[in-house]
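The sequence and structure are shown first.

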Amino acid sequence: MSDYQDPFTVCYPALLPWAQPSRQDVLHRAVRTAVERSLVVQWGRIDPEKPASDADVHAIVAACDAYVQGWFDAVIRPAACYPPNDWGWSSSPGLWLDASKSHGRGRAIRLTIAENLDFFARFPFGETLNLVGYAEHTARTTTGTSRQRAADATAEALRWAWARHTDRLGWDDAEWYEYLEVYELIGWTTAALQLPGVRPSQAADRVEEIAGQKWDDWSPWTSDELPAPFITQATQAVADCVTTSTATPSSPPPWSSGSEYD
């Protein structure tokens, strides 16, 4: 489709200004303030030490989701040619954009109202902003042809993600590559490279599919590194997404500097 909008391509430049830790702190405080104001409207006052019920948590989650919905509509909608809810994305970026799907559901997994506010009333996509910030750093520090940059950035990103998780013994209710958030990692990294003709979501799909293979003599719980064949296949797959016409020498994109990853 000529009007196809890749979620990572659309969202990356809009989210990048918010990827700095200081901006994320602002978001967390804004969410908390908005949720507390909403609760005061509903309840009249907030009793922080009151034992929390599921209904209380539903109200907290609904208020948080409403704020996040409004934030994404304000930040991302202007970058889109048509409304985000019509994009039809099945990927995680698509799920951000329709807070109505949550219906304010939540359970009182902490004892008091204050404890549940601390747990739920936060900007829920801070990790995504961390990945966006890392992708910007990687895009600025890779050089060479488009294919070389795609391959090098992919390998560096995967190793960076693995190194962040030193305690992996609890990885027992999802696939290892889901804990690493390989799909989003590759999607944002590829979007940051700004390679003409490359769809970041396609590159992300290919790498996640490769990650799902069985790797001999490798365990996510005990191995020190990602399997070398996985890195090789993943880098090749992303490089292959670069069309022949774009495989020419290029410079890093002119995104803002000052990343925490330098």
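## Loop residues and helix packing

Q194 lies in the loop between α9 and α10 (200–211), helices being DSSP runs of H or I of at least four residues, numbered from the N terminus. The model is predicted, with pLDDT of at least 70 needed for local features and 80 or more for side-chain atom pairs, whereas totals for chains, interfaces and linings use all residues. Residues are numbered from 1 along each chain as its sequence is written, and side-chain values use heavy atoms, without hydrogens and water.

E181 is placed in the loop between α8 (176–179) and α9 (182–193). Most residues other than glycine have a negative phi.

| Residue | Phi | Relative accessibility |
|---|---|---|
| E181 | near 55 degrees | 26%, partly exposed |
| Q194 | about 55 degrees | 45%, partly exposed |

Helix α1 (residues 7–15) packs against helix α3 (residues 54–76) at about 95 degrees, their axes 9 Å apart. Helix α1 is therefore roughly perpendicular to α3, a term for angles of 65 to 115 degrees. Axes are lines fitted to C-alpha atoms over the stretch in contact, and angles run from 0 to 180 degrees between N-to-C directions. V10, C11, A14 and L15 in α1 meet W71, F72, V75 and I76 in α3, contact meaning heavy atoms within 4.5 Å.

In helix α5 (residues 113–120), the buried residues are I113, A114, N116, L117 and F120. Their cover includes α2 (21–43) and α3.

Terms used:
Helix = DSSP H or I, 4+ residues; strand = E, 2+ residues; numbered from the N terminus. Parallel < 35°, antiparallel > 145°, perpendicular 65-115°, else oblique. Buried < 20%, exposed > 50% of the residue type's maximum accessible area, 1.4 Å probe, protein only.
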